[in-house]
Structures are given as C-alpha cells and as structure tokens.
Amino acid sequence: MLGSVKAFSGFSVDDIEAARAFYEGTLGLTVSVENGLLTLHIRGGRDILVYPKDDHTPATYTVLNFPVDDIGKVVDELAARGVRFERYPHLEADERGIFRGGGPLIAWFADPAGNILSVLQEP
C-alpha cells in the first residue's frame with residue numbers, strides 16, 4: 001500500500017531559527033524554511049523535516065547520522081565551529097570524543113534543541 005510513496009522522516013526542535021543557524025551555518029547543510037517548518041536537504045538522501053514543538057523533549061536516540069570518510073578531520077572541523085561532543089559513561093571515547101570500541105568509529109553531538117546526531121566512519 002505505501003511501498004510506492006516517497007516517505008521522509010522528521011523530528012522536533014524548540015526553536016526553528018536556532019536549528020536553521022546550526023544546520024545551515026555550523027554543519028553546512030542546505031536548508032529551506034517554508035510555513036514555519038525547516039527542511040534539511042541531504043545530498044543523496046531524502047529531505048528531513050524539522051518542525052517546531054512548544055513542549056519539545058530531545059530524542060533519547062540518534063536522530064541523524066552523517067557518514068564521513070575521515071572522522072578525525074570532521075570532528076576537528078566541527079569542534080572548531082563550537083560543536084561539543086557527547087560522552088557516555090558506558091562508551092569510552094578518545095580525547096576528541098570519538099568512540100573506537102568496535103563497529104564504526106563514531107562521535108555523537110547535539111543540536112541546539114538537544115537532539116543527538118552523529119558522524120561515523122565505517123572501518
């Protein structure tokens with residue numbers, strides 16, 4: 001029934017303008033705003049809807065993953081732009097915030113609304 005439709009995903013934020021500044025300015029994504037909704041235009045993928053929600057609660061899981069070729073380089077560039085990387089007690093990360101404990105190399109960070117994002121590099 002829905003196998004032929006063009007589906008997309010989305011998540012909420014508490015401030016569309018702060019989200020726009022972060023996703024466009026800090027992360028360098030192409031974004032658009034229409035009718036108070038932010039759309040992230042992801043190269044090679046589907047657009048992602050970011051919508052305002054007054055009682056927004058940040059997601060407790062990673063809402064968006066960015067595969068990269070060189071995680072160290074990207075982590076350094078993001079850190080230089082003010083991005084702070086998350087640390088989790090049960091996942092020991094290196095001094096830059098990169099988890100190297102098996103699977104893809106991964107570093108988590110949050111958007112201004114507290115939603116968790118990641119950059120990851122396949123082995």
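1. The largest pocket of this predicted model is lined by 18 residues. Those nearest its centre are Leu27, Leu29, Phe66, Pro67 and Val68. Two elements, β5 (62–67) and α2 (71–80), each give two or more residues to this lining. Strand β5 gives the most, with 4 residues.

2. The volume of the largest pocket is about 520 Å³. Sorted by class, its lining comprises 11 nonpolar, 4 polar and 3 charged residues.

3. Glu24 deserves a separate remark. This residue belongs to helix α1, which covers residues 16–26. Setting aside residues up to four places away in sequence, Glu24 touches Leu29 and Val31. Leu29 is also among the residues that lie nearest the centre of the largest pocket.

4. Is Glu24 buried, exposed or partly exposed? Its relative accessible area is 37%. Buried would require a value under 20% and exposed one over 50%, so Glu24 counts as partly exposed.

5. A further relation concerns Glu24 and Leu40, which stand 16 residues apart along the chain. The distance between their C-alpha atoms is 8.6 Å.

6. Strands β6 (residues 105–110) and β7 (residues 116–121) run antiparallel and are joined by 6 bridges. Within this pairing, Trp108 has Ser118 of β7 as its bridge partner. The hairpin of β6 and β7 has 5 residues between the strands, and Gly114 in this hairpin takes a positive phi near 90°.

How values were computed. Residues numbered from 1 in each chain as written. Predicted model: local features only at pLDDT ≥ 70, side-chain atom pairs only at ≥ 80, totals over all residues. Heavy atoms only, no water. Buried < 20%, exposed > 50% of the residue type's maximum accessible area, 1.4 Å probe, protein only. Contact = heavy atoms within 4.5 Å. Pairing = 2+ DSSP bridges. 1 Å grid on protein atoms, 1.4 Å probe; cavity = no way out; pocket = protein on both sides within 12 Å on 5 of 7 lines; lining within 4 Å. Points joined across faces, edges and corners; volume = space filled by probe spheres on them. Nonpolar A, V, L, I, M, F, W, Y, C, P; charged D, E, K, R; others polar.
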